[in-house]
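Student: I would like to work through this model by question and answer. Please show the sequence and structure to begin.

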Amino acid sequence: MTHVINRQGRKVLIHEMALRDGMHAKREQISTEQMIKVATALDDAGVPLIQVTHGAGLGGQSLQHGFSPHSNEEYWDAVVPKMKQATISALLIPGLGTMKDLQSAYDHGVRSVHVATHCTEADTSPQHIAYARKLGMDTTGFLMMAHLNDPKSLAEQGKLMESYGALTVYVVDSAGYMLPGDVTARIKALRDVLKPETEIGFHGHHNLGMGIANSLAAIDQGATRIDASVGGLGAGAGNTPTEVFVAVCDRMGISTGCDLFKLMDTTQDIIFPMMDHIVRVDRSSLTLGFAGVYSTFLLHAERLGKKYGIPSRDILVELGKKKMIGGQEDMIEDTALTLAKERGLIPGGNSDKVTPLRAA
Ligand SMILES: C[C@H](O)CC(=O)C(=O)O
Ligand SMILES: [Mn+2]
């Protein structure tokens, strides 16, 4: 007998990622004018939460993660006063972002934060979560690369974040590797152990084309928050596209409070013209999903692939085998260099100025 899931009447809170995860896809190059244009359009479309920061979050400006033309504070000062109903949020990875950064975010009008750790390292987040709560922020624990932890152990990590004060715990499919069954198992495991009042969220990447299906699987297991990105502007093949997700929710009777046609217009008239490359499932982004690689590594692998004459797919496959995670960006170059040496494309040594022996 077929089991029909009734989603009618459910409510889901959409958290917009284009102005944070989308920074990766733009190599951190979004102007304050573009921030204002996108954020005001999303606010007008009824999107309740909009994340605005450097792609790597607070403290992200670095050689490893790239430099944006403006500080987070400049972006918030530009965007926050323009919001009619939306709350502006930020992302903080303990170790990159500090408590001082969090205070500054609050002082500049940010009222919600994703405190993000690798899926086995929740214990790096207690001070940041507690501080965000002390400031009165809507605080989520954000478990990245969640496919690398089994459902039961992931739920234990979520339980830790809850014990530090997180009001919502997120399953984050940073690699866009998960299939709906993987999401179901993880959200269910979390729902089984978290307090009923603790919300659950899902953050997807569309590398296997599963953004919508995975978000629905999460909702079916009790997730009430979904991260999405208008026009799919995000790392890799992008996040769950907001406008597509809202259309699907409208069809299913799931309430998001967002205006579908305004989101379509934002996508077509503002986001698509902003893209430096078409954010979609292609050879490299599909490899991310297939090999389980952190989506943020995409553009680094493409750049280094060109530098060393190695197909970016080969670099990404190696990174997947090594289970590299966020923060290990230096290993992308290391891996490209090793492959280039193995293939006789460069002589031994580790010079930055190597001349390929064979053309790319
Ligand atoms: C810093 C990362 O981009 C966080 C994120 O969005 C993910 O892991 O996915
Ligand atoms: Mn992401």
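Student: Which residues in H12 meet H14, and which residues of H14 do they meet?
Tutor: This is a predicted model, in which local features need pLDDT of at least 70 and side-chain atom pairs count only at pLDDT 80 or more, while totals for chains, interfaces and linings use all residues. Residues are numbered from 1 along each chain as its sequence is written, and chains are lettered from A and ligands numbered from 1 in the order in which they are written. Helices (H or I, at least four residues) and strands (E, at least two) are DSSP runs, numbered from the N terminus, and two residues are in contact if their C-beta atoms, placed from the backbone, lie within 7 Å. On the H12 side the residues are Phe297, His300, Ala301, Leu304, Gly305 and Tyr308, and in H14 they meet Ile332, Glu333, Ala336, Leu337 and Ala340.

Student: How many nonpolar residues has the contact of H12 with H14?
Tutor: Ala, Val, Leu, Ile, Met, Phe, Trp, Tyr, Cys and Pro count as nonpolar, Asp, Glu, Lys and Arg as charged, and the others, Gly among them, as polar. Besides two polar and one charged residues, the contact of H12 with H14 has nonpolar residues numbering eight.

Student: At what angle do the axes of H12 and H14 cross?
Tutor: Axes are lines fitted to C-alpha atoms, for helices over the stretch in contact, and angles run from 0 to 180 degrees between N-to-C directions. H12 spans residues 297–308 and H14 residues 330–342. Their axes come within 10 Å and cross at roughly 30°.

Student: Are H12 and H13 oblique or roughly parallel to each other?
Tutor: H12 and H13 (residues 312–321) pack with their axes 8 Å apart, at an angle of about 130°. Angles under 35 degrees count as roughly parallel, over 145 as roughly antiparallel, 65 to 115 as roughly perpendicular and the rest as oblique. H12 and H13 are therefore oblique.

Student: Which residues of H13 make the contact with H12?
Tutor: From H12, the contact takes in Phe297, Ala301, Glu302, Leu304 and Gly305. Those of H13 are Ser312, Ile315, Leu316 and Leu319.

Student: What covers the buried residues of H13?
Tutor: A residue is buried if 20 or more other C-beta atoms lie within 10 Å of its own, exposed if 12 or fewer, and partly exposed in between, with C-beta atoms placed from the backbone. In H13, Ser312, Ile315, Leu316, Glu318, Leu319 and Gly320 are buried. Their cover includes H11 (283–291), H12 and H14.

Student: Is alanine 122 buried or exposed?
Tutor: Alanine 122 is in the loop between strand E4 (112–118) and helix H5 (126–134). Not counting residues up to four places away in sequence, alanine 122 touches Thr117, Gly141, Leu143, Gln157, Leu160 and Met161. Because alanine 122 has 26 C-beta neighbours inside 10 Å, it counts as buried.

Student: What is the phi of glutamate 28?
Tutor: Glutamate 28 is in the loop between H1 and H2, and with 18 C-beta neighbours inside 10 Å it counts as partly exposed. Arginine 27, in the loop between H1 (21–25) and H2 (32–44), has a positive phi of about 50° although it is not a glycine. Glutamate 28 is not a glycine either, and its phi is positive, about 70°.
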